[in-house]
Amino acid sequence: VVVCSLAHAHNMQPQPRAWVAAIQIEKRLRAELKKNSFWHQSVRELRKALHHAYESTIFADFQFAQANEVEQQLWKSCFYKPIEEFRSRLRVAQQAAQGVTALAGATPEEALEQSAMLTSAYTKFLAGAEEAYKRLVARLQWELGDVGASVEVPSAEMRALQQAVPRLSSTGSTAIAIAVHRCLIYLGDICRYRSQVVRPKEEQERALAYYQQAASVLPTSGNPYNQMAVVAYYGSDELRAVYYYFRSLGVSCPFVTARENLLLLFERNRARYAKLPPRPPGPGQGITPGDVATRMVRLAGLMYDRINLEQLTPTRAAAIAALRQLLGEPSFREQLSTAPPANQLLLHAAIIFVFSAQLQDLDPAKRKSSGGSAAVAAAAETPAGESLQKSLLRQAALTTTLELASTLCNALTTAPPAFPSSHSSPSLTAAAAVGGTAGAAAPPQHSIQQQQQQQQQALLVALNVLLPWLATHPHLLTLTQGSQAAPPASPAAAGVTLTGSVA
């Protein structure tokens, strides 16, 4: 809306000189790319000139730049296209180095050398791109208004900027917030691309930090949450990815691509879920957080896409049973005492199933089942069938939420083991069992109490999502068919809009 209004206001005004120059440089760049490589010196010089022209346009007439999507064009022409070219060439070189494909007659050793050279050039390019966008964020906030973003810029550069550029406003407008938010997304993307070639964990954490800032600057946008979901998914954390996708869809300006990404995730999860036993292993046979997450994601997928509804009950039973068993594992109890409560499986599961339950109440549109039992699919052809399907889904979603809350409450009353598993080796445990010390000392009592408190806090954080929501949505407790309970008029009215800081 802001951009459309700006475009209308500027449609009769003269174009900034920098913008006219940028258009001409774009034409020259396209022509040069037909003759030379994307990394040829002449192409790089034109790209640098184009970067300067686009950035000059932004500060010469910010409203014009917003109306004409100058920031997006800057990213696409000066950074995203070279990044895509680097990634494409790296894939070819890496496959050739592994002997999967041939690379213009190069031997695997030569392909490996070329891959190393490309990686070096690529990481340098990404480093330059990150510095460019940090400077852009700093200047936008200094010159046009601070919106709360924080980026590291060398103090000498910042002093030079402050001396050279007058500050027009100390408080940023919504338009400034949109621009800074977009730049922070690009910064996160740059780190995410870098994580695919060097320092995966470190760069993913840096990407998440930028995305979290973007969400704080513009809480109504679903874009940052979608990007965080991508990072979580490629980090093999499906449950966290679903959590972020739901947040991306639960804000007032949802990121529409998140739904497609979510459906793709659910489809891939279905294949992984099929490899699990129908029931979790018995006590003492070992269960991992990954197993529980796979079952939870499958259950969320069934409720979200409304396919194979006859699987809801057994899938829910197996997921809850697996969670109960996991909560009894000393190693998982120890994880609860070390990881931040807002960054754990329990909270993510709680929010996912609250969202799933709320979604059944908010979506009145008729959606036929495209699979599952013949009875449900046939019944969905009629209004009565739609009502039956909705009733089944509401009951499944609410039952899951209630059982999850019950499981966590029961876990609060279960005393954790006095000695977490990682503090004792088998030999020390055996020595203690026969009265020997083997030189080992038991953890101090205050340390055990602190661990217990941290474990309880992790459980309480998740319960603090589930129980207040259940208490404030009594109309969902009417689970019988043909319920006349009126759903909320909008997601915001129902309290499903998820904004604010990122867990």
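Here are a few notes on this predicted model, for someone seeing it for the first time.

1. Ground rules. Local features here need pLDDT of at least 70, side-chain atom pairs count only at pLDDT 80 or more, and totals for chains, interfaces and linings use all residues. Residues are numbered from 1 along each chain as its sequence is written, and side-chain values use heavy atoms, with hydrogens and water left out.

2. The H9/H10 pair. Two packed helices are described by the angle between their axes and the distance between the axes. Helix H9 covers residues 200-217 and helix H10 covers residues 223-234; their axes sit 9 Å apart at an angle of about 165 degrees. Helices are DSSP runs of H or I, at least four residues, numbered from the N terminus. Axes are lines fitted to C-alpha atoms over the stretch in contact, with angles from 0 to 180 degrees between N-to-C directions. H9 and H10 are therefore roughly antiparallel (the word is for angles over 145 degrees). H9 passes H10 in a left-handed crossing, meaning the near helix is turned anticlockwise from the far one by less than a right angle.

3. Who touches whom there. From H9 come Gln204, Leu208, Tyr211, Gln212, Ala214 and Ala215, and they meet Pro224, Tyr225, Gln227, Met228 and Val231 of H10. Contact means heavy atoms within 4.5 Å. Sorted by type, the residues of this contact are eight nonpolar, three polar and no charged (Ala, Val, Leu, Ile, Met, Phe, Trp, Tyr, Cys and Pro are nonpolar, Asp, Glu, Lys and Arg charged, the others, Gly among them, polar).

4. Asn226. Also have a look at Asn226, which is found in H10. Asn226 is buried, at a relative accessible area of 2% (buried is under 20%, exposed over 50%, partly exposed in between, with a 1.4 Å probe and protein chains only). Leaving out residues up to four places away in sequence, Asn226 touches Tyr245, Ser248, Phe255, Thr257, Ala258 and Asn261.

5. Two positive phi values. Most residues other than glycine have a negative phi. Arg199, in the loop between helix H8 (174-195) and H9, has phi near 40 degrees. Arg306, in the loop between helix H13 (289-305) and helix H14 (312-327), has phi near 60 degrees. Arg199 is partly exposed at 43%, whereas Arg306 is buried at 2%.

6. Cysteines. Searching the whole structure turns up zero disulfides, a disulfide being a pair of cysteine sulfur atoms within 2.5 Å. Cys191 is buried at 0% relative accessibility, while Cys253 is partly exposed at 45%.

Methods:
Parallel < 35°, antiparallel > 145°, perpendicular 65-115°, else oblique.
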